[in-house]
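Hi,

Here is the structure I promised to pass on. Have a look at it first, and then read my notes below.

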Amino acid sequence: MKTSSEIDTKRREFIKASAMAAAAAVAQGSGFSLPIVQADEIDNELNWAKAPCRFCGTGCHVQVGVQNGKVVAVAGDQNAEVNKGLLCVKGYHVGSALYGKDRLTKPLLRNGSGYKEISWDAALDVIADRISDAPERFAIYGSGQWTIPEGYAAQKFIKGGLSNNHIDPNARLCMASAVTGFLATYGVDEPAGCYDDLDTCDVLIMWGNNPAEMHPVLFSRVIDRRSKGEKITLIDISTRRTRTTEACQHYLEMKGHGDLAIANGIAHLLIKNGKYNRKFVESFCNFKTPDDQNPNLHGKSISFDEYCQLLEPYTPEKVEELSGVPAKDIRMLGDLFADPKLKITSLWCMGANQHTRGTALNTQIHGIHLLSGHFGKPGDSPTSLTGQPSACGTVREVGTLAHALPGGRLVAKPEHRQQVEQFWNLPEGRINPKPGNHTVKMWESFCTPSDQGGDIGTIWVQVTNPGQTLPNLNKLFNPKGDAKAGLEDKFLIVSEVYPTATTQLADLILPSAMWVEKNGIFGNSERRTQQWFKMVEPPGEARDDCWQTIAVAHRLFERGLEGMKDRDGRFLFDVKDEAGKSVPVWQWENYYDVNVDEHLFEEYRQFTRMKHKDLAPYSEYVKERGLRWPVVERDGQWQETHLRFSEGYDPYVEDGKEIQFYHSTTKDDRAQLWFHPWIEPAEVPDEQYPFMLTTGRVLEHWHTGSMTRRIPELHRAMPKAYIEIHADDAASLDIRNGDYVIVESRRGSLKIQAWISGRGEPPRGTVFVPFFDETLLINELTLDALDPFSKQPDYKKSAVRIRKV
Amino acid sequence: MIASLVATLTHEANGSKSVIEELASHPEIETGEFDGTSRRIPLTIDSASPNGLETITRWLQDRPGIAFVDVIFVHFEATTPKKTSSES
């Protein structure tokens with residue numbers, strides 16, 4: 001029998017071998033993800049359960065190992081289709097995100113310059129007081145990291161209860177242009193394809209994104225294919241070299257807004273050379289251009305000939321002038337799209353969305369796929385990726401946006417409001433028809449004195465960090481002169497897990513449960529809805545965000561607020577047990593007597609059918625590692641959908657239709673191919689501010705780093721933000737690697753260290769700063785210019801100047 | 001603790017045997033396969049010290065010829081010493 005020391009030795013050898021295999025895989029470029037660690041081989045004394053990773057929109061599934069009430073291990077889940085057992089470096093350490101030393105554990109109320117601890121009961125009264133005083137001036141700022149039930153509860157509370165549409169998510173800052181792009185093209189949101197396209201495409205084009213660092217497990221699916229000898233062409237269209245560039249055969253370095261010209265250039269060539277897919281276009285597409293008199297997502301209908309005329313100026317030479325990408329490379333792209341034998345997938349994320357013409361660019365990328373017929377077959381797909389784990393599932397599908405209702409409905413449409421009032425059993429007219437404030441407007445209003453039109457008095461922030469992520473932070477939170485003059489009546493409530501740049505601004509801080517400290521459901525970038533059960537207790541008095549919303553709602557119900565009652569006088573969140581008896585889930589000690597997630601999810605499911613985004617029963621997600629909607633029941637089985645709008649794949653495409661855009665805005669089953677002209681970015685470098693600042697993320701840190709900077713391994717790997725600057729620009733300013741510089745825009749300035757010839761390499765005239773570091777708030781410098789349709793800001797193009805300290 | 005890293009050589013140091021030899025000479029570092037076609041070297045660290053990763057990473061970053069160091073995998077082990085028979 002082996003001794004414990006022999007077992008330990010074998011175990012250490014296995015771990016060392018795995019560690020070296022992981023490093024070798026990354027070093028050789030054959031994978032950007034880590035090898036499979038068999039959960040039950042490591043330690044079968046742990047309790048293992050499934051969950052999607054807490055971090056990005058890829059939605060990798062992990063196995064979480066729990067012992068003595070604590071997460072002690074994480075392994076990739078081999079049964080997960082998304083990641084097949086692989087994880088990236090953040091995913092492997094996701095369990096540690098729960099155990100930072102400074103977890104928030106008690107409600108805190110501002111007291112002078114500090115805070116005092118209060119009870120949850122007192123905290124609920126504080127919030128109820130603020131809402132009761134002025135319900136129309138209350139707002140919720142939510143998140144693509146909300147679980148589906150959390151977002152749904154917040155949505156029902158404010159829109160169905162308070163008749164108030166001031167709810168908007170942080171996804172306004174990341175995904176809104178993708179949404180408007182899908183709506184303008186197909187009449188319905190979210191990708192037609194799925195991650196399977198990465199396993200079959202011949203060509204993968206990255207439009208301003210860096211999946212090697214931001215979606216590493218997804219990118220590894222493509223790299224792994226190539227390392228096995230498959231021929232696949234990778235093209236990186238970007239404003240700077242990144243880790244992704246190193247893996248690509250073609251790097252097309254463009255100026256800001258060059259993407260708009262490039263997309264038009266490809267369309268121009270397809271038409272000029274007669275290589276567009278005539279049958280596809282004539283059968284399935286209409287043509288549109290913006291309506292300047294009445295700007296909206298429907299635009300003006302134009303003929304094919306008019307579309308061609310509008311594209312005439314976008315010759316390869318003109319596109320080179322506008323974008324900086326050589327004409328020969330534009331022709332190369334045109335030739336690829338002209339080849340019907342190739343399968344082409346386009347991927348994009350923040351480079352295309354955080355863009356003052358983000359809606360336009362999204363429609364143009366969809367457009368070149370439609371024009372060329374590279375659509376509707378495995379591997380032929382225009383696919384936007386999300387950064388957050390449930391921007392799709394919660395924000396886009398539940399509709400936690402100021403203009404939206406669940407299931408793709410709109411507050412402005414009477415029939416949609418009636419449907420929702422029926423589903424929620426509300427009195428007719430309860431839902432307000434006027435859209436609320438979108439994110440930037442919400443915060444501008446909150447930061448404006450009430451007597452100067454600042455119509456938002458209280459904001460409740462859940463699961464996000466606007467004090468670090470909003471653009472032009474100084475304008476909002478550090479205005480010149482007396483920062484707080486006229487704002488004394490404003491009140492900020494923040495539900496969080498750790499102290500952040502936002503909790504520093506808060507009047508009331510509520511400690512929240514996180515990830516596997518609560519039940520949850522996320523929806524990832526490929527329409528996959530994924531469920532998990534609570535595995536460990538949250539620390540101290542931290543509680544689920546969903547409970548917090550329901551508890552506040554019930555406090556208002558106790559005070560007699562009509563909005564908290566349905567048509568029959570019952571509490572909005574009346575949750576029953578199996579015997580049909582109401583359970584007081586607003587009392588924390590009873591919250592887990594029933595599965596509130598399941599109750600809310602089953603209620604929400606019925607909303608999803610209108611836009612053919614059908615969800616299966618909750619119990620199906622318990623069994624699976626997620627299912628891609630629409631999920632429909634056939635022969636007693638719940639079947640997911642890989643490709644939408646394509647016959648044979650999508651259950652809602654009628655027989656014989658081949659391709660059917662059944663939510664077409666022109667009501668004729670056709671998609672809309674848009675022409676948009678190239679225009680200059682909102683801010684361009686000039687003599688005073690000669691550099692273009694672009695911002696983004698790094699592999700080691702997720703978003704604002706509030707979780708990952710507390711994971712020692714990740715923090716050590718990337719402890720501080722930096723400014724990437726081209727070596728020649730640095731030399732001209734006498735800047736050496738590691739020197740401190742001042743980077744300054746018209747809005748703010750930062751002192752930061754320079755990194756020359758590091759991981760990323762911007763071209764001359766461009767600099768890059770990641771936004772994960774809360775000690776270096778780069779969004780004090782960024783621009784708050786918005787896309788006119790999506791209201792999404794552009795974080796990628798701000799003019800700055802630099803000098804050595 | 002056991003960890004793995006990838007060290008990326010500078011352009012100038014690519015192909016330099018002395019850099020690899022110096023890394024391999026560290027008692028807590030094992031170098032993986034490196035054929036010189038990529039600038040990246042896989043490494044594992046096996047350190048008795050819980051701060052070993054940080055110490056060795058800083059040492060690596062300071063080495064001439066190393067452009068940057070990425071942490072790939074970390075496995076922490078319990079540092080509480082077991083009781084000896086005289087203590088139990």
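A disulfide here is a pair of cysteine sulfur atoms within 2.5 Å. By that test, a search of this predicted model turns up zero disulfides over all chains.

Now the overall picture. Chain A has 26 helices and 33 strands. Its radius of gyration is 26 Å, close to the 28 Å that the globule rule gives for 805 residues, so chain A is as compact as a globular protein of that length. Along the principal axes, the C-alpha atoms fill a box of roughly 70 × 70 × 65 Å. Of the 805 residues, 65% count as buried. The accessible surface of chain A is about 28100 Å², and carbon and sulfur atoms account for 48% of that. If you take the contacts between residues at least 6 apart in sequence, 72% of them join residues at least 24 apart.

The aromatic rings are worth a look as well: there are 38 aromatic pairs over all chains. One of them is A:Tyr186 with A:Phe375, a stacked pair at 5.7 Å centre to centre with 25° between the planes. A:Tyr186 lies in helix α6 and A:Phe375 in the loop between α16 and β14, so this pair ties together parts that are 189 residues apart in sequence. Both of these residues are buried.

Another pair, A:Phe601 and A:Tyr604, is edge-to-face, with 6.4 Å between the centres and 65° between the planes. These two both sit in helix α23, three residues apart, which is about one turn of the helix. A:Phe601 and A:Tyr604 are both buried. They also belong to a cluster linked by ring pairs, whose members include A:Tyr152, A:Trp424, A:Phe533 and A:Tyr621.

Finally, two arginines to click on. The charged end of A:Arg543 sits over the ring of A:Trp547, 4.9 Å from its centre. A:Arg527 lies over the face of A:Trp629, at 5.7 Å from the ring centre.

Cheers

Methods
Residues are numbered from 1 along each chain as its sequence is written. Chains are lettered from A and ligands numbered from 1 in the order in which they are written. This is a predicted model: local features need pLDDT of at least 70, side-chain atom pairs count only at pLDDT 80 or more; totals for chains, interfaces and linings use all residues. Side-chain values use heavy atoms; hydrogens and water are left out. Rings of Phe, Tyr and Trp (its six-membered ring) pair if their centres lie within 6.5 Å; planes under 30 degrees apart count as stacked, over 60 as edge-to-face and the rest as tilted. Helices (H or I, at least four residues) and strands (E, at least two) are DSSP runs, numbered from the N terminus. Buried means under 20% relative accessible area, exposed over 50%, partly exposed in between (1.4 Å probe, protein chains only). A charge sits over a ring if NZ of Lys or CZ of Arg is within 6 Å of the ring centre and within 35 degrees of the ring normal. The radius of gyration is taken over C-alpha atoms; the globule rule is 2.2 Å times the number of residues to the power 0.38. Contact means heavy atoms within 4.5 Å. Accessible areas come from the Shrake-Rupley method with a 1.4 Å probe; for residues, only the protein chains shown count as cover.
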